[in-house]
Amino acid sequence: MAAQAHAIDYDPERNYDEDTLAQQREIEKEIAESQPLISSLFTFDDIVEEYTREDEVYRHKIENLKTRYANLRKTRGDGNCFFRAFGFGYLETLLSNPTDYQRFLEICEKSKDELIALGFPQFTLEDFYDTFIDIVKQVKNPGQLEKLLETFNDQGLSDYFVVYLRLLVSGFLQKNEDDYIPFIDGERTVKQFCSQEVEPMGKESDHIHAVALTKALRVPICVEYMDREGQTCNSFMFDPTESPEESSPKPALTLLYRPGHYDILYPL
Amino acid sequence: MAQSPSGSAVKALQLELKKIQAEPVEGFRVKLANDDNIFEWEVAIFGPPGTLYEGGYFKAHMKFPPDYPYSPPTVRFISKMWHPNVYENGEVCISILHPPVDDPQSGELPSERWNPTQTVRTILLSVISLLNEPNTFSPANVDASVMFRKWKESKEKEKEYENIIRKQVQATKEDAAKDQVRVPTTLQEYCVSSIPALDNQVDADFYDDDYVDDLDADEQEMYHEEDEEDSGNEES
């Protein structure tokens with residue numbers, strides 16, 4: 001509101017950053033009040049209403065998704081949706097997969113020292129790690145779905161989890177700097193890219209974030225891209241394995257991408 | 001955004017305060033500006049020995065946002081500070097303190113940015129190293145920047161910059177005396193307090209999760225209100 005009033009009498013001496021930030025916080029608050037961080041299950045009939053009757057491309061694609069997927073969960077559009085969708089979606093699958101849980105836990109437990117070795121401050125890193133690993137360990141016991149959903153909707157815990165995933169991506173990219181520098185736009189180093197596009201909360205994820213996260217944690221995921229082109233969604237596998245022989249064609253979880261946003265899909 | 005992000009902030013700040021007070025770090029001291037408000041700290045920075053700032057005792061206020069540690073605090077010198085990267089009102093302009101949303105330093109030197117793992121300690125260490133190595137590419141105080149470059153380029157023969165700093169250092173001695181602080185002036189003294197920090201044995205109770213529980217809802221609400229009142233007066 002304040003920003004609009006001042007826009008009429010623009011004062012070059014004034015710094016408008018605070019107004020802009022205040023307005024942005026207002027918008028974030030509205031989103032936070034209307035969308036849970038991770039929703040309960042929706043059917044496709046629920047989301048088809050988001051599109052008008054005339055929007056044939058999207059309506060058609062939703063019909064197509066219905067032939068392969070049963071439900072979806074929506075995530076809050078706060079710039080962290082990829083990380084949160086991945087985090088909740090994968091831990092949910094681990095509830096019924098003790099073998100993968102053990103493997104995943106070992107990778108997570110090793111990651112802390114690797115990140116400290118890369119120069120992240122130990123004291124705060126451990127604080128994020130402790131919360132992260134506590135949440136991972138919640139899935140040790142089957143039947144904890146409600147608890148997990150509650151955890152991921154607790155902003156404090158959920159955001160700490162997201163921070164740690166962001167640090168894992170940053171660490172992975174920095175460790176494999178030579179492989180990823182060609183994919184970084186602008187004249188930036190990998191470290192600069194990480195501090196500008198990966199580590200800050202609310203920065204949206206791109207292809208490179210998804211590649212790094214799936215490789216860092218060795219979790220194959222599939223993303224269904226729902227855009228205006230073609231008749232069906234384009235699905236893309238993020239396969240963390242290096243050689244074709246060991247490649248696992250079956251994704252651990254599937255995300256739905258609609259421009260600028262990720263949700264979680266559940267196969268039939 | 002109601003209570004819980006602020007809850008994270010309270011928890012993170014209490015953890016940091018406890019850690020710094022238990023293991024004092026080289027070059028600075030911290031305390032709360034007011035015991036009831038964890039979001040405002042008073043810090044004192046010791047001028048590093050072997051620099052123009054040797055013997056100086058510089059006071060500053062740190063103010064933390066309700067979404068700390070996702071956004072950085074501000075640091076504002078209360079002591080007079082003539083420096084290329086300090087605004088006239090004392091506010092410190094350094095890359096590590098820039099919120100990720102704006103990008104005032106784009107196209108600038110590669111430098112450390114804010115991320116949630118940064119701490120009061122990493123910020124203050126950056127500020128201390130900034131004292132003696134100003135960044136003249138994006139000065140907050142242009143006059144100070146020009147003066148600093150003259151001093152540097154004349155191989156320290158143009159004394160104007162140096163004289164101002166020395167005068168300001170001298171002026172801080174009164175504060176140090178008032179606070180009954182003896183400012184370390186040798187490297188050995190300056191670093192001696194960092195020895196406990198090298199010890200990785202951290203008290204088990206740092207990881208207690210119940211800090212937030214110590215505060216009742218009213219107190220948390222109070223932090224909110226204060227922060228709203230204070231916002232918007234940063235730069236003019």
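This is a predicted model: local features need pLDDT of at least 70, side-chain atom pairs count only at pLDDT 80 or more; totals for chains, interfaces and linings use all residues.
Trainee: In what order do the four strands of the open sheet in chain B stand?

Mentor: The order is β1-β2-β3-β4 in chain B, and the pairing is antiparallel. At the edges are β1 (28–32) and β4 (74–77) of chain B, each of which pairs on one side only. From one strand to the next, the twist averages 25°.

Trainee: How many bridges join β1(B) to β2 of chain B?

Mentor: Five bridges join β1(B) to β2 (residues 40–46) of chain B, and these two strands run antiparallel. To see such a pairing at the level of residues, look for B:Lys31, which stands opposite B:Glu42 in β2(B).

Trainee: Which strands does helix α2 of chain B lie across?

Mentor: Helix α2 (residues 120–132) of chain B lies across β1, β2, β3 (57–63) and β4 of chain B, and its direction makes an angle of about 40° with β2(B).

Trainee: At what angle do helices α3 and α4 of chain B pack?

Mentor: Helix α3 (residues 142–153) and helix α4 (residues 160–178) of chain B pack at about 115°, with their axes 7 Å apart. Angles of 65 to 115 degrees count as roughly perpendicular, and therefore α3(B) is described as roughly perpendicular to α4(B). On the side of α3(B) the contact is made by B:Met147, B:Phe148, B:Lys150 and B:Trp151, while α4(B) contributes B:Glu160, B:Tyr161 and B:Glu162. Sorted by class, this contact has four nonpolar, no polar and three charged residues.

Trainee: Is A:Thr214 buried or exposed?

Mentor: A residue is buried if 20 or more other C-beta atoms lie within 10 Å of its own, so A:Thr214, with 22 of them within that distance, is buried. A:Thr214 is found in helix α12 (residues 207–217) of chain A. Leaving aside neighbours within four places in sequence, A:Thr214 is in contact with A:Val219, A:Pro220, A:Ile221, A:Phe238 and A:Pro240.

Methods. Residues are numbered from 1 along each chain as its sequence is written. Chains are lettered from A and ligands numbered from 1 in the order in which they are written. Two strands pair if DSSP finds at least two bridges between them. Axes are lines fitted to C-alpha atoms, for helices over the stretch in contact, and angles run from 0 to 180 degrees between N-to-C directions. Two residues are in contact if their C-beta atoms, placed from the backbone, lie within 7 Å. A residue is buried if 20 or more other C-beta atoms lie within 10 Å of its own, exposed if 12 or fewer, and partly exposed in between; C-beta atoms are placed from the backbone. Angles under 35 degrees count as roughly parallel, over 145 as roughly antiparallel, 65 to 115 as roughly perpendicular and the rest as oblique. Ala, Val, Leu, Ile, Met, Phe, Trp, Tyr, Cys and Pro count as nonpolar, Asp, Glu, Lys and Arg as charged, and the others, Gly among them, as polar.
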